[in-house]
Amino acid sequence: MDRYDRQIKFPPFGREGQQKLQNLHAFIMGVGALGSGIAEQLVRSGIKKITIVDKDIVSLTNLHRQSGYTEADVETMMPKVFALKQHLSAMNHEVEIEPLNEEITARNIVGILEEVKPDIVLDGLDQFETRYLMNEATRQLNIPYIYGAVIGSQVSVFPIDKDGPCLNCVMPDVPETMESCDVYGVLPPAVHLTSSLVVSELFYYLMHGTFSYKMVTMDIYKGTMRSTSIKALKEEDCEVCGHHNYPRLAHRELDQLRLLCGGVYQIRLNPDYFEKPLQEDVHTLLKNPFIKRLKYKTYDMTLYQDGRLLIYNVDDSKNAQNMVSQLFN
């Protein structure tokens with residue numbers, strides 16, 4: 001029996017829909033809670049290929065909602081894209097899975113998409129600034145993009161292509177709320193609903209040859225759900241999809257110091273810092289070819305292979321910057 005028998009038996013999908021899916025290459029941007037759930041559903045359904053992109057490792061606080069990972073991934077500090085590829089390949093060896101363990105920025109996003117050449121981009125992100133960057137890149141390259149976001153108990157999903165509004169049309173200003181589950185928390189059912197709604201919109205696209213052009217919003221705390229047409233939200237005067245200006249893509253300078261969610265400071269160092277000798281009072285708790293977990297006095301730190309240094313529980317940016325000179329010989 002065909003492993004996809006049950007979905008093929010749904011008449012509007014059928015063998016034609018399955019064939020379309022088996023010819024599709026999806027680019028999943030971020031494989032935390034949303035992205036790993038999206039990837040699992042598509043791999044189990046028999047997609048041809050997925051490219052998964054993320055810069056983080058698996059941590060213990062991921063496991064309550066990120067179904068693609070295990071405690072073993074936490075213990076080995078495995079980068080998410082490699083851990084997820086291993087688990088997904090065990091689910092369906094027929095699907096090609098390409099992992100990219102890197103940070104997406106204005107410097108590399110267009111080049112990556114041009115090289116990878118996906119048929120569609122799916123949103124597994126947890127930062128709005130990166131979503132706006134992805135919106136500009138997909139509009140510039142004319143690649144369909146399905147937006148998905150979840151925070152707390154709230155869910156939001158809608159499709160973006162040349163015929164409908166882009167993210168800048170719908171939300172011209174970056175939302176100051178719903179920014180991060182590190183701050184506002186997130187409920188696992190809301191995550192899995194969002195992943196399913198993103199995949200549902202993709203299946204709609206395969207079955208109808210076009211998007212639904214609807215925004216689906218839900219709040220599982222309030223028990224509400226709403227589906228709203230977004231066609232009328234397309235702005236002819238939109239800077240991005242109307243005038244084809246891409247200000248975020250043009251801003252290619254990277255922040256050397258950045259405050260991340262949860263009070264964590266990120267400092268960008270040269271990649272060669274990963275191999276630099278440490279001061280005697282800096283202790284390496286765990287390490288692998290991708291990251292080092294460090295301890296200095298009362299501070300915990302994570303040093304990535306690409307030179308990103310995360311410092312936890314530091315009071316302010318000045319202290320974070322000063323700490324670098326105290327870590328390395």
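## Burial and the overall fold

A residue counts as buried when its relative accessible area is under 20%. That cut-off is applied here to a predicted model. By this rule, 52% of the 329 residues in the protein chain are buried.

The chain forms 12 helices and 14 strands. Its C-alpha atoms fill a box of roughly 65 × 50 × 45 Å along the principal axes. The radius of gyration is 21 Å. A compact globule of 329 residues would come near 20 Å, so the two values agree.

## The cysteine pair

How many disulfides does a search of the whole structure find? The count is 0. Cys169 takes part in no disulfide, and its nearest cysteine sulfur belongs to Cys241, 3.4 Å away. From the side of Cys241, the closest cysteine sulfur is that of Cys169. A disulfide needs the two sulfur atoms within 2.5 Å. At 3.4 Å, the sulfurs of Cys241 and Cys169 are therefore too far apart for a bond.

Are these cysteines buried or exposed? Cys169 has a relative accessible area of 10%, so Cys169 is buried. Cys241 has 16% and is therefore buried as well.

## Ile97 in strand E3

Ile97 sits in strand E3, which covers residues 96-101. Its relative accessibility is 7%, so Ile97 counts as buried.

Which residues does Ile97 touch, beyond its neighbours within four places in sequence? Ile97 is in contact with Ile50, Ile52, Lys85, Leu88 and Ser89.

What is the make-up of the lining by class? The second largest pocket has 8 nonpolar, 7 polar and 8 charged residues around it.

Conventions: Residues are numbered from 1 along each chain as its sequence is written. This is a predicted model: local features need pLDDT of at least 70, side-chain atom pairs count only at pLDDT 80 or more; totals for chains, interfaces and linings use all residues. Side-chain values use heavy atoms; hydrogens and water are left out. Ala, Val, Leu, Ile, Met, Phe, Trp, Tyr, Cys and Pro count as nonpolar, Asp, Glu, Lys and Arg as charged, and the others, Gly among them, as polar. Buried means under 20% relative accessible area, exposed over 50%, partly exposed in between (1.4 Å probe, protein chains only). Helices (H or I, at least four residues) and strands (E, at least two) are DSSP runs, numbered from the N terminus. The radius of gyration is taken over C-alpha atoms; the globule rule is 2.2 Å times the number of residues to the power 0.38. Contact means heavy atoms within 4.5 Å.
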